[in-house]
Amino acid sequence: MKRHPKAVPPGERMRMHNPLCYGCGEEAPQGLHLEMYAGEDFVVHARMAVEARFEGGPGVVHGGVLSTAFDDVMAMAPLLIGPSAVTVHLEVDYLRPIPIGSTLEFTATLLGRQRRKLYTEGLAHIGDPDAPVAMAHGIFVSVDAREHFADHLEKSQLSDEYKQRMSRP
């Protein structure tokens with residue numbers, strides 16, 4: 001694999017999937033609002049405040065919120081080598097309860113590529129990278145985003161201007 005020449009340089013913020021993306025969208029009213037940064041090689045870093053609205057069990061994050069965060073962060077890693085990719089498989093291992101009020105730090109790494117399939121792993125920790133609280137593995141498939149989402153664009157709450165940009169060749 002080679003890092004794409006137009007990939008975001010290490011240390012810089014990566015663009016969001018779309019403004020209303022539940023994971024990283026700045027305009028998603030109830031979203032996670034993840035900010036992701038390119039790392040060295042094929043790595044993406046992100047942070048997430050574990051807010052009270054994410055509660056599952058008493059005082060801890062809901063597992064579905066955590067898997068959503070992993071999905072979004074790991075989906076950014078393929079952008080370091082080329083076009084967008086969508087999730088086809090996501091597996092999360094919950095290692096320890098994650099308390100409300102903590103800040104999760106994520107690292108997603110693109111491990112390899114086989115034709116259109118992209119293999120990723122993710123780790124989440126609270127302060128100590130050597131003590132993960134969760135880990136994930138995913139398989140993504142590279143797609144032409146305009147073509148992939150074309151049949152669904154009319155149902156989106158995105159602005160008409162953004163929809164027009166998405167539908168242009």
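Biologist: In which segment is His33 found?

Modeller: His33 is found in the segment before strand 1. A strand here is a DSSP run of E with at least two residues, a helix is a run of H or I with at least four, and both are numbered from the N terminus. First, the ground rules. The model is predicted, local features need pLDDT of at least 70, side-chain atom pairs count only at pLDDT 80 or more, and totals for chains, interfaces and linings use all residues. Residues are numbered from 1 along each chain as its sequence is written, and side-chain values use heavy atoms, with hydrogens and water left out.

Back to His33. Its phi is near 55°, a positive value in a residue other than glycine. Most residues other than glycine have a negative phi. His33 has a relative accessible area of 37%, so it counts as partly exposed. The cut-offs are under 20% for buried, over 50% for exposed and in between for partly exposed (1.4 Å probe, protein chains only).

Asp41 also has a positive phi, about 55°, and is not a glycine. Asp41 sits in the loop between strand 1 and strand 2. With a relative accessible area of 56%, Asp41 is exposed.

Now Met36. Contact means heavy atoms within 4.5 Å. Neighbours within four places in sequence aside, Met36 touches Glu12, Arg13, Met14, Cys24, Val44, His45, Ala46, Asp72, Val73 and Met76. Met36 is also among the residues with the most contacts inside the largest nonpolar core, along with Val44, Met48, Phe70, Val73, Leu104 and Phe106. That core has 40 residues. A nonpolar core is a set of buried Ala, Val, Leu, Ile, Met, Phe, Trp, Tyr and Cys residues joined through side-chain atoms within 4.5 Å. Helix 1 gives the most to this core, with eight residues. Strand 1, strand 2, helix 1, strand 3, strand 4, strand 5 and strand 6 each supply at least two.

Six strands form an open sheet in the order 1-2-4-5-6-3, with antiparallel pairing. The twist averages 20° from one strand to the next. Axes are lines fitted to C-alpha atoms (for helices, over the stretch in contact), and angles run from 0 to 180 degrees between N-to-C directions. Two strands pair if DSSP finds at least two bridges between them.

Walk across the sheet. Strand 2 (residues 43-49) is joined to strand 4 (residues 103-114) by seven bridges, and Arg47 stands opposite Glu105 in strand 4. Strand 4 is joined to strand 5 (residues 117-125) by nine bridges. Phe106 has Ala124 in strand 5 as its bridge partner. Strands 4 and 5 form a hairpin with two residues between them, and Arg115 in the turn has a positive phi of about 55°.

A search of the whole structure finds one aromatic pair. The rings of Phe70 and Phe106 have their centres 5.2 Å apart and their planes at 85°, so the pair is edge-to-face. Rings of Phe, Tyr and Trp (its six-membered ring) pair if their centres lie within 6.5 Å; planes under 30 degrees apart are stacked, over 60 edge-to-face and the rest tilted. Phe70 lies in helix 1 (residues 63-76) and Phe106 in strand 4, so the pair ties together parts 36 residues apart in sequence. Both Phe70 and Phe106 are buried.

Last, confidence. pLDDT is the predictor's confidence in each residue, from 0 to 100. The mean for the protein is 85, and 84% of its residues reach 70 or more. Among the elements, strand 5 has the highest mean (97) and helix 3 (residues 160-167) the lowest (51).
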